[in-house]
Amino acid sequence: MKGVEEDVLTRFQVIKEQHDAEVAHLTEVLKERNRESRRLKSSFDALKELNDNLKKQLNEVSEENRKMEIQAKRVQARLDNLQRKYEFMAIQRVKGNFQAAHEVKSLKQEKVPVSKTSKVPLNAQVYELLTVFMEWISGYHLSKLKSEDSGMDNVKPPLKFASQRNDIQEKCVKLLPVMTEQLQWMPFVSARLHEPFVKFIYWSLRQQEAGALHSTMTSTLRRLGEDIFKGVVTKGIQDNSLEHSVENKPKTATFFRSSSLPLRFLSTLIVLKTVTQADYLAQAFDSLCLDLKTDEGKTLFLEYQAVPVILNHLRISSKGLLSNVIDSLLQMTVESKSLQPFLEACSNTLFFRTCSVLLRTPKLDLQILEKLSIILQKLSKIKSNKKFFELFTIHLMLQEIQRTTHPEHAFLCINLNSTLFNLGLTKCSPLAPSAGH
């Protein structure tokens, strides 16, 4: 038994040593695997961080690239404008040098001292001829097309007419940058030629209402609006080709601030079409309201079909201007010979759609609502307008406003009651609100 016990203990000791050696080996292998795992995790974290940085850089580069593309388009548009201006100036310089040389030769022959005269780019007769053509085209072509287009309410224009309109729009897009450049020369031209020139610009702008405006036109329209608003001041010209320099005093061409009502009125409408600065627009609407107090101003409003121009600003996003916009329309509702034509110009889907959107505005200012109710009340007297009130559910909105309006707001209640009475939706007298208010 003792020998067996010693043999067992010996074998057990051998097995234990083998086990300890194997455990030590496996422990070492495990440590090595852990070290490898940590290295892989560290490498993975580094790669992940690098990948995140690359993604961030890619997004920044993509955004920068997008901005650069937009800037490149603007620069290209400005370059095109400058190129046209350079070509025009080059032609003028050649003609000016030729004319100056001819004048010097004449002066030497006749020995007459040089008198201080203003040199007009090209001769004045060319400008007279061009402005006559512009007035002709504006009065008998562009404005007529606009009038026909606005008269076709909910009617699809014939294919030939639509093609003609597209062709005219493209021509106007090409002409507007050139016309904007020509504004710089207006101080050299007789003031009586300014109105036909600005009128042509206005009707060219109005042709763009039915189509999408080219992106390259943004800078052109901004510059056009600013020049019309501020006016153009040109410094004196020095002609060094003459033996005696001819120096002119600075010349000015005013449009928006002109003393001529027709020119000022046209310029105001152009500012409203092209400018986005709130302070400019506020001044433009102030000027418009003053001009509309005169019968001539009301006549010009109708002649230039200004309702769509005003409606473009009759939205809640122009909250600061909303009161001024309504006031300009309200001036046209004063009793005059222009009242009925104005109401007919407002009797279309564009006007009623705009009013519908405005009436849906929550917590609309009471004064705005009162002024709008005056216009709607007058429009409700035209029987054919009932379909527009129903099409845009304006009659339902007016009934809801009538139901919720406090009786203290008697003026609004009377207008609402009168409008609903004209539409045949109430039997109450339009002279007084019902007791249910």
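## Nonpolar core

A nonpolar core is a set of buried Ala, Val, Leu, Ile, Met, Phe, Trp, Tyr and Cys residues joined through side-chain atoms within 4.5 Å. Buried means under 20% relative accessible area, exposed over 50%, and partly exposed in between, with a 1.4 Å probe and protein chains only. The model is predicted: local features need pLDDT of at least 70 and side-chain atom pairs count only at pLDDT 80 or more, whereas totals for chains, interfaces and linings use all residues. Residues are numbered from 1 along each chain as its sequence is written, and side-chain values use heavy atoms, leaving out hydrogens and water.

The largest nonpolar core holds 84 residues, of which Phe301, Phe351 and Ile394 touch the most other members. Helix α6 (residues 261-274) gives the most to this core, with 8 residues. Helices (H or I, at least four residues) are DSSP runs numbered from the N terminus, as are strands (E, at least two). Leaving aside residues up to four places away in sequence, Phe301 is in contact (heavy atoms within 4.5 Å) with Phe265, Leu292, Ala306, Val307, Ile310, Leu329, Met332 and Phe342.

## Packing of α6 and α8

Helix α6 and helix α8 (residues 295-303) pack at about 45°, their axes being 10 Å apart. Axes are lines fitted to C-alpha atoms, for helices over the stretch in contact, and angles run from 0 to 180 degrees between N-to-C directions. The two helices α6 and α8 are therefore oblique to each other; angles under 35 degrees count as roughly parallel, over 145 as roughly antiparallel, 65 to 115 as roughly perpendicular and the rest as oblique.

Leu261, Pro262 and Phe265 of α6 meet Glu296, Gly297, Leu300 and Phe301 of α8 in this contact.

## Packing of α13 and α16

The axes of helix α13 (residues 366-379) and helix α16 (residues 410-422) come within 9 Å and cross at roughly 30°, which makes α13 roughly parallel to α16. On the α13 side, the contact includes Leu366, Leu369 and Glu370, and on the α16 side it includes Phe411, Leu412 and Asn415.

## Residues with positive phi

Gln305, although not a glycine, has a positive phi of about 45°. Gln305 lies in the loop between α8 and α9 (307-311) and is buried, at a relative accessible area of 19%.

Lys363, likewise not a glycine, has a positive phi of about 55°. The loop between α12 (349-359) and α13 contains Lys363, which counts as exposed at 86% relative accessibility.
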